[in-house]
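The points below are grouped by topic and may be read alongside the structure.

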Amino acid sequence: MTNDLTPVIGLEVHVELSTQSKMFCACSANHFGVKPNSNTCPTCLGLPGALPYMNEKAIEDTIRFGLAFDCKIAEFSKFDRKHYFYPDLPKAFQTSQYDLPFCSLGMWKSDKSTIRITRIHLEEDTAKSQHRVIDGKRVSLIDFNRSGVPLMELVTEPDFANVDDVVSFLKEVQRIVRYLGISDADMEKGSMRLEANVSVGRVEDVEKGKLPNYKIELKNINSFRFLKRAVEIEIGRHKELINKGEKIAQETRGYDEAQDTTFSQRSKEEAKDYRYFPEPDLPPITFDKKTIEAIRATLPMLPSQKRANYKKDYQLSDSYIEFLVEDKIIAEYFETAMSCDTGNKLGPKTIANAMVNQKLHEKYPEPAGLVKKLIEITQISYASTEETLAAIDSVIFENPAIVKQYQEGKGQVIGFLIGQVQKILEGKANVVYVREKLLEKITN
């Protein structure tokens with residue numbers, strides 16, 4: 001029966017923006033590690049009579065993020081009040097966006113799939129609840145330092161059918177945020193928080209566009225690994241209930257990493273339950289096409305663009321490219337080193353290998369220093385091509401067990417084989433060339 005069922009997964013990603021001030025007041029947006037309730041004012045405490053005003057930088061950063069996902073940018077937008085009662089919400093409503101978000105109808109494409117971005121909107125973060133035991137009693141405390149920090153939310157369509165694609169997408173979101181420089185997206189600090197809407201439906205129904213009539217929201221998970229595990233648990237739970245003929249209650253659930261299980265938190269609200277209406281204390285926001293294009297012009301080259309360029313211009317392997325693209329600083333280091341390689345004395349593969357396998361960028365903070373050192377190394381008199389290929393064939397012939405280990409997935413043993421070639425050639429092997437030919441022969 002479970003073979004007839006398929007997961008249907010959508011995502012909500014919350015990212016705190018790294019602006020200097022909060023969304024609607026002048027308090028510092030830096031709340032991590034700060035003394036509780038020391039960074040507040042009447043506005044972010046929701047005191048009567050305090051009026052909000054908008055953080056322009058946060059709005060611009062949200063639009064930049066939306067443009068990175070090819071979203072349509074609203075020329076007319078507004079903020080709304082989202083009503084619900086919870087201790088970490090001092091006003092008893094959250095200033096958010098409902099029907100007119102800043103960004104909508106975006107797209108993210110990978111080699112495997114296309115993910116539709118429903119919306120990207122901006123709101124204020126809530127205060128932070130802390131549950132402790134004081135004098136033997138369990139108490140809940142509220143720290144309002146986080147209350148009012150600009151919080152950007154990305155919502156996808158339910159276009160994911162497996163957990164690995166979910167994790168790949170989320171990691172790319174984190175990279176894009178960091179490339180844009182709008183947040184550190186540090187999940188340990190809570191500046192990036194993950195939520196997933198999970199349901200399970202019949203394969204034939206989902207393929208026809210008929211989605212399940214329920215969804216479970218996994219709330220506020222702070223690591224890729226925990227989200228993956230929580231989604232896997234929910235998929236298994238749903239399939240088991242469906243095969244028993246039981247109805248799945250629509251609700252919000254959390255993940256307990258200690259027990260490795262999900263647990264019910266509360267019934268799932270719908271939009272009508274929040275009683276949205278336009279925020280009367282803030283004016284609508286308008287953008288003309290010229291302003292939007294000016295913001296677009298500030299976008300850096302994003303990870304997907306760098307991947308395509310490195311593949312086309314440098315013919316680097318996928319593993320090299322992923323290492324270089326993972327961190328914007330590493331990518332910029334590599335590109336600067338390439339520009340220092342005048343006359344192409346080294347070439348991209350030599351520079352990339354020095355960074356990926358030898359980690360020489362850690363030893364030489366300046367790319368020019370790395371290039372200078374590599375040129376010095378390459379001036380060594382290497383063994384001839386014939387001698388090198390003969391040594392490689394000899395090492396492969398004499399170490400069949402090690403070769404088999406590599407073919408079975410133990411990639412680290414390649415270093416041993418390179419070392420054996422180097423030993424035969426008495427240290428005169430061109431390591432980059434040896435690695436390339438070894439891999440070519442072993443894999444073929």
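This is a predicted model: local features need pLDDT of at least 70, side-chain atom pairs count only at pLDDT 80 or more; totals for chains, interfaces and linings use all residues.

Three strands, in the order S5-S4-S15, make up an open sheet with antiparallel pairing.

- Strand S4 (residues 80-83) is joined to S5 by 4 bridges in the antiparallel sense.
- Within this pairing, Lys-82 is placed opposite Gln-94 of S5.

- Strand S1 (residues 5-16) pairs with strand S11 (residues 192-202) through 11 bridges in the antiparallel sense.
- Two of the positions in this pairing can be named: Ile-9 has Val-198 of S11 as its bridge partner, and Thr-6 has Gly-201 of S11.
- S1 also pairs with strand S10 (residues 150-156), again in the antiparallel sense, over 5 bridges.
- On the S10 side, His-14 is found opposite Glu-153.
- S1 is mostly covered, as 12 of its 12 residues are buried.
- Leu-5, Pro-7, Ile-9, Leu-11, Val-13 and Val-15 point one way from S1, while Thr-6, Val-8, Gly-10, Glu-12, His-14 and Glu-16 point the other way; all are buried.

**Salt bridges**

- The count of salt bridges in the model comes to 29.
- Lys-57 and Asp-61 form one of them, with a distance of 2.9 Å from N to O.
- Lys-57 and Asp-61 are 4 residues apart in helix H1 (residues 56-68), which puts about one helical turn between them.
- Are the two partners buried or exposed? Lys-57 counts as partly exposed, at 43% relative accessibility, whereas Asp-61 is buried, with a relative accessible area of 2%.
- Asp-164 and Lys-228 form another salt bridge, in which the closest N and O atoms are 3.3 Å apart.
- Asp-164 belongs to helix H2 (residues 163-180) and Lys-228 to helix H4 (residues 224-243), so this pair ties together parts that lie 64 residues apart in sequence.
- Asp-164 is partly exposed, with a relative accessible area of 48%, and Lys-228 is likewise partly exposed, at 30% relative accessibility.
- Glu-234 and Arg-253 also form a salt bridge, with the closest N and O atoms 3.2 Å apart.
- Because Glu-234 lies in helix H4 and Arg-253 in strand S13 (residues 251-256), the pair ties together parts that are 19 residues apart in sequence.
- Glu-234 and Arg-253 are both buried.
- A network of salt bridges links Glu-172, Arg-175, Arg-307, Glu-322 and Glu-326.

**The second largest pocket**

- The volume of the second largest pocket is about 620 Å³.
- Of its 19 lining residues, Trp-108, Ser-110, Asp-111, Arg-307 and Glu-322 are the closest to the centre.
- Two or more lining residues come from each of strand S6 (103-109), H2, helix H6 (303-314) and helix H7 (318-326).
- By class, the lining of the second largest pocket holds 5 nonpolar, 4 polar and 10 charged residues.
- Arg-307 and Glu-322, which are among the residues closest to the centre of this pocket, are also members of the salt-bridge network.

**The cavity**

- How many cavities of 30 Å³ or more does the model contain? The count comes to 1.
- The largest cavity has a volume of about 50 Å³.
- Its lining consists of Thr-43, Cys-44, Leu-89, Pro-90, Lys-91, Phe-93, Glu-124, Asp-125, Thr-126 and Ser-147.
- The lining of the largest cavity divides into 4 nonpolar, 3 polar and 3 charged residues.

Methods. Residues are numbered from 1 along each chain as its sequence is written. Side-chain values use heavy atoms; hydrogens and water are left out. A salt bridge is a side-chain nitrogen of Lys or Arg within 4 Å of a carboxyl oxygen of Asp or Glu. Buried means under 20% relative accessible area, exposed over 50%, partly exposed in between (1.4 Å probe, protein chains only). Two strands pair if DSSP finds at least two bridges between them. On a 1 Å grid over the protein atoms alone, a cavity is a set of points where a 1.4 Å probe fits but cannot get out, and a pocket is an open set with protein on both sides within 12 Å along at least five of seven lines; lining residues have an atom within 4 Å of a point. Grid points are joined across faces, edges and corners, and a volume is the space filled by probe spheres set on the points. Ala, Val, Leu, Ile, Met, Phe, Trp, Tyr, Cys and Pro count as nonpolar, Asp, Glu, Lys and Arg as charged, and the others, Gly among them, as polar.
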